[in-house]
Amino acid sequence: MHSISKGRVKRILEAINAIGYTKNGMERLAFTKEEQEVKNLFTKLCLEENMEVRVDEVGNVIARREGVRKNAPAVAIGSHLDTVYTGGQYDGVAGVVAGLEVIHRLNDYHIETEFPIEVIAFTGEESARFGISTIGSKAMCGKLPLSSLHTYKDKSGVTLTDAMQQAGLKLNDVPKAKRSQSELKAFIELHIEQGPELENKRKSVAIATGIAAPTRFAISVNGMSSHSGATSMELRNDALVAASHLVLTVEEAARKESASKTVATVGVLDVFPGAMNVVPGRVEFQVDIRGLNRQSKERIVEALFRSSAVLEKNRGVTIRIEKLSDEQPVLLNKEIQQMLALSCEEVSIDPLSIPSGAGHDAMNMAELCPTGLMFIPSHKGISHHPLEYTSIDDLIKGINVLEKVIRRLAMVKERNVAT
Ligand SMILES: [Zn+2]
């Protein structure tokens with residue numbers, strides 16, 4: 001059973017990753033012909049499993065296996081098939097393939113469920129092409145900002161609205177992709193971890209407790225540029241040295257929050273005028289703070305402001321801190337987390353519980369119905385990169401857990417319980 005499942009999953013993964021394959025990585029960007037092609041393949045695979053398939057108004061592919069109860073809300077499994085530029089073979093794909101495999105197994109055992117089961121391939125999850133992420137699941141939850149879609153452009157100047165029209169979508173119909181809460185009983189996403197924690201702790205599955213939302217700042221430090229040879233150390237207003245103190249403050253403050261697993265990063269820093277013989281007069285940098293605990297994030301923000309005030313006083317610089325975004329973290333449904341833990345136990349897996357640092361379709365779906373997010377290992381935590389790797393064995397372990405939780409949620413009819 002295990003080896004048959006392995007072969008099948010491997011074949012489907014390979015068929016999917018034959019689309020958009022380049023020697024620099026996978027390229028199936030949102031609303032391109034490659035994304036369309038992979039959605040067509042997914043449709044074909046779902047039809048082979050006797051599912052009913054429809055494409056909604058934003059381009060999500062929704063495949064459905066009917067339940068015994070008519071018009072009952074569906075238990076949905078989903079993730080995405082689009083990729084970033086030079087992406088990997090597992091991000092998103094793992095969750096869609098897992099959903100298909102669960103359906104295949106239920107079909108194999110001739111199992112009927114009380115509730116219908118859906119497998120959803122969300123469109124445009126990655127922000128790589130247009131700078132906006134989770135387009136499909138946002139539309140499904142009625143929170144895609146339709147009036148501003150034309151402002152998103154790809155690097156060749158194509159707007160998101162043009163790309164959507166070229167993909168055959170009618171913009172006026174996009175709001176119809178919104179589903180009501182009564183249509184869905186639960187949503188589960190299986191995703192690769194995109195971090196090294198599972199591998200480091202030699203665990204197979206993590207259950208996400210929530211999805212950390214970023215709070216972001218753009219910071220500008222203004223000092224005075226001057227000649228590096230002619231300006232004595234006492235007379236400098238070095239913007240980079242002041243900025244460096246802030247970078248260290250951010251790191252130190254975040255380290256103190258390790259119990260809450262809050263993280264903070266400075267990933268962008270530009271120095272002006274940027275010459276070896278000039279004391280830096282201005283530095284622009286950006287801070288990204290993520291966590292599930294609002295107070296914990298707030299303490300890092302406070303440390304940043306405190307340190308800025310001290311630096312302005314002691315170093316003769318002015319510091320401007322602009323908040324770019326402050327999103328609410330999403331806490332995931334406790335009962336679903338317990339169900340996932342129980343399902344892990346049934347297949348002898350001892351799961352980790354961790355927050356998700358990255359955003360996923362699950363964070364939108366959590367507004368529609370009780371939602372769960374589970375992770376399987378990513379080798380060395382590498383993701384959004386051609387070297388992204390998850391072994392088939394790890395994927396199968398994740399699918400085994402997913403199958404258990406779906407059986408429980410969709411309620412396998414008692415008289416035909418089989419394994
Ligand atoms: Zn993803």
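The model is predicted, so local features need pLDDT of at least 70 and side-chain atom pairs count only at pLDDT 80 or more, while totals for chains, interfaces and linings use all residues. Residues are numbered from 1 along each chain as its sequence is written, and side-chain values use heavy atoms, with hydrogens and water left out. Helices (H or I, at least four residues) and strands (E, at least two) are DSSP runs, numbered from the N terminus.

**Zinc site**

- The zinc ion is coordinated by NE2 of His 80, OD of Asp 91 and NE2 of His 191, at 2.0 to 2.2 Å; donors are N, O and S atoms within 2.8 Å of the metal (3.2 Å for Na, K and Ca), and because water is not among the atoms, sites may look incomplete.
- Along the chain, the donors of the zinc ion follow the spacing H-x10-D-x99-H.
- His 80 lies in strand E5 (residues 74-80) and Asp 91 in the loop between E5 and helix H3 (93-108), so this pair ties together parts that are 11 residues apart in sequence.
- His 80 is buried, with a relative accessible area of 0%, and Asp 91 also counts as buried, at 5% relative accessibility; buried means under 20% relative accessible area, exposed over 50%, and partly exposed in between, with a 1.4 Å probe and protein chains only.

- On the H7 side, the residues making the contact include Val 241, His 245, Leu 246 and Val 250, and on the H8 side they include Ile 300, Leu 304, Leu 311 and Arg 315.
- By class, the contact of H7 with H8 has 10 nonpolar, four polar and one charged residues, where Ala, Val, Leu, Ile, Met, Phe, Trp, Tyr, Cys and Pro count as nonpolar, Asp, Glu, Lys and Arg as charged, and the others, Gly among them, as polar.
- H3 and H11 (392-410) pack at an angle of about 60°, with their axes 9 Å apart, and H3 is therefore oblique to H11.
- The crossing of H3 and H11 is right-handed, and the contact is made by residues including Ala 98, Val 102, Arg 105 and Leu 106 of H3 and Leu 395, Ile 399, Glu 403 and Arg 407 of H11.
- The contact of H3 with H11 divides into nine nonpolar, two polar and four charged residues.
- Helix H9 (residues 334-346) also packs on H11, with axes that come within 8 Å and cross at roughly 125°, so H9 and H11 are oblique to each other.
- The crossing of H9 and H11 is right-handed, with Ile 336, Met 339, Leu 340 and Glu 346 of H9 among the contact residues, together with Val 401, Lys 404 and Arg 408 of H11.
- The contact of H9 with H11 comprises eight nonpolar, one polar and three charged residues.

**Backbone features in loops**

- Most residues other than glycine have a negative phi, and most peptide bonds are trans.
- Asn 71 is not a glycine, yet has a positive phi of about 60°; Asn 71 is placed in the loop between strand E4 (61-65) and E5 and is exposed, with a relative accessible area of 78%.
- His 384 likewise has a positive phi, of about 55°, although it is not a glycine; His 384 lies in the loop between strand E17 (371-376) and helix H11 and is partly exposed, at 38% relative accessible area.
- Phe 272 and Pro 273 are joined by a cis peptide bond, with omega about 0°, and Pro 273 is in the loop between strand E11 (263-272) and strand E12 (278-279).

**Surroundings of Pro 280**

- Pro 280 lies in the loop between E12 and strand E13 (282-291) and counts as buried, at 12% relative accessibility.
- Pro 280 and Gly 223 are 57 residues apart in sequence and 7.4 Å apart in space, C-alpha to C-alpha.
- Leaving aside neighbours within four places in sequence, the residues in contact with Pro 280 include Met 224, Asn 237, Asp 238, Leu 240 and Phe 272.

Conventions:
Contact means heavy atoms within 4.5 Å. Axes are lines fitted to C-alpha atoms, for helices over the stretch in contact, and angles run from 0 to 180 degrees between N-to-C directions. Angles under 35 degrees count as roughly parallel, over 145 as roughly antiparallel, 65 to 115 as roughly perpendicular and the rest as oblique. A crossing is left-handed if the near helix is turned anticlockwise from the far one by less than a right angle, and right-handed if clockwise.
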